[in-house]
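Let's take a walk through a protein together, one side chain at a time. Have a look at the sequence and the model, and then read on.

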Amino acid sequence: MTQQDSGTAFDPDSSAEQPAGALEALIAQIEAEIVELQFPRFTRDDALNLGLLLVELGKDGNMPIAIDITKGEQVLFHAALEGATPDNEHWVRAKQRTAARYEEPSLLVGLRGRVGGGRIEDNAWFDQSRYAAHGGSFPVYVGGVGAVATVTVSGLPQKADHDLVVQALREIRGSMRLG
């Protein structure tokens with residue numbers, strides 16, 4: 001997992017002044033993740049393996065998370081680990097809708113809205129009752145096809161949700177090359 005130095009990393013949950021260039025660096029990092037995480041395919045078995053990996057990572061880290069993998073309107077995998085709350089279900093749906101609508105990670109949607117100041121949520125057209133531009137949902141991209149599904153985690157700070165999803169996507173993609 002790529003981690004930026006904590007002294008220069010952008011923290012989307014902080015209201016404090018952020019280091020110069022940190023927002024742009026995080027946007028570039030996520031754009032690079034999109035390029036890196038192109039899958040050769042994404043089947044229901046792949047969704048199951050990804051979901052089970054997230055459960056394993058969550059349990060190993062004692063994380064109170066909800067996990068969701070959705071393709072269109074079909075839920076392919078869903079689990080709530082110990083400590084996850086009904087609020088996590090709301091966040092899963094809202095972040096998943098954002099990633100599906102924009103075909104970009106939900107964290108990237110929120111970060112792009114901050115370029116030049118402000119937030120995407122400040123726009124009247126952004127329906128916060130349906131969408132959340134917070135980290136944790138990442139489209140599954142199939143090379144030559146585009147976004148075919150979303151994988152979403154909720155229960156940690158938004159950057160940690162995002163990083164957990166990216167870690168799992170990397171592991172699953174890596175196993176596909178071998179299998």
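A residue is called buried when its relative accessible area is under 20%. Keep that cut-off in mind as we explore this predicted model.

Lys 159 and Asp 163 are both residues of helix H5, sitting four residues apart, about one turn of the helix. Their side chains meet in a salt bridge, with 2.9 Å from N to O.

How many salt bridges does the whole structure hold? A search finds seven. One of them brings together Asp 68 and Arg 93, at 2.7 Å from N to O. Because Asp 68 belongs to strand E2 (residues 66–71) and Arg 93 to helix H3, this pair ties together parts that are 25 residues apart in sequence. Asp 68 is buried, at 0% relative accessible area, while Arg 93 is partly exposed, at 24%.

The side chains of Asp 161 and Lys 95 form a salt bridge of 2.9 Å, N to O. Here, distant parts of the chain are linked: Asp 161 is in helix H5 (residues 158–178) and Lys 95 in helix H3, 66 residues apart. Both residues, Asp 161 and Lys 95, are buried.

Stay with helix H3, which spans residues 86–102, and find Thr 98 there. Thr 98 has a relative accessible area of 0%, so this residue counts as buried. A polar atom of the Thr 98 side chain lies 3.0 Å from the backbone nitrogen of Ala 132. Leaving aside residues up to four places away in sequence, Thr 98 touches several others, including Phe 126, Tyr 131 and Ala 132.

Tyr 131 deserves a stop of its own. Arg 101 lies over the face of the Tyr 131 ring, 5.0 Å from the ring centre. The charged end of Arg 130 also sits over this ring, 5.8 Å from the centre of Tyr 131.

Finally, look for rings that pair with each other. A pair of aromatic rings is described by how far apart the centres are and by the angle between the planes. The structure has two aromatic pairs. In one, Phe 39 and Phe 42 are edge-to-face, 6.1 Å from centre to centre with 80° between the planes. Phe 39 is buried because its relative accessibility is 2%, and Phe 42 is buried at 10%.

Terms used
Residues are numbered from 1 along each chain as its sequence is written. This is a predicted model: local features need pLDDT of at least 70, side-chain atom pairs count only at pLDDT 80 or more; totals for chains, interfaces and linings use all residues. Side-chain values use heavy atoms; hydrogens and water are left out. Rings of Phe, Tyr and Trp (its six-membered ring) pair if their centres lie within 6.5 Å; planes under 30 degrees apart count as stacked, over 60 as edge-to-face and the rest as tilted. Buried means under 20% relative accessible area, exposed over 50%, partly exposed in between (1.4 Å probe, protein chains only). A charge sits over a ring if NZ of Lys or CZ of Arg is within 6 Å of the ring centre and within 35 degrees of the ring normal. Helices (H or I, at least four residues) and strands (E, at least two) are DSSP runs, numbered from the N terminus. A polar contact is a pair of N or O atoms within 3.5 Å; within protein, one must be able to donate a hydrogen and the other to accept it, and residues adjacent in sequence count only if both atoms are side-chain atoms. Contact means heavy atoms within 4.5 Å. A salt bridge is a side-chain nitrogen of Lys or Arg within 4 Å of a carboxyl oxygen of Asp or Glu.
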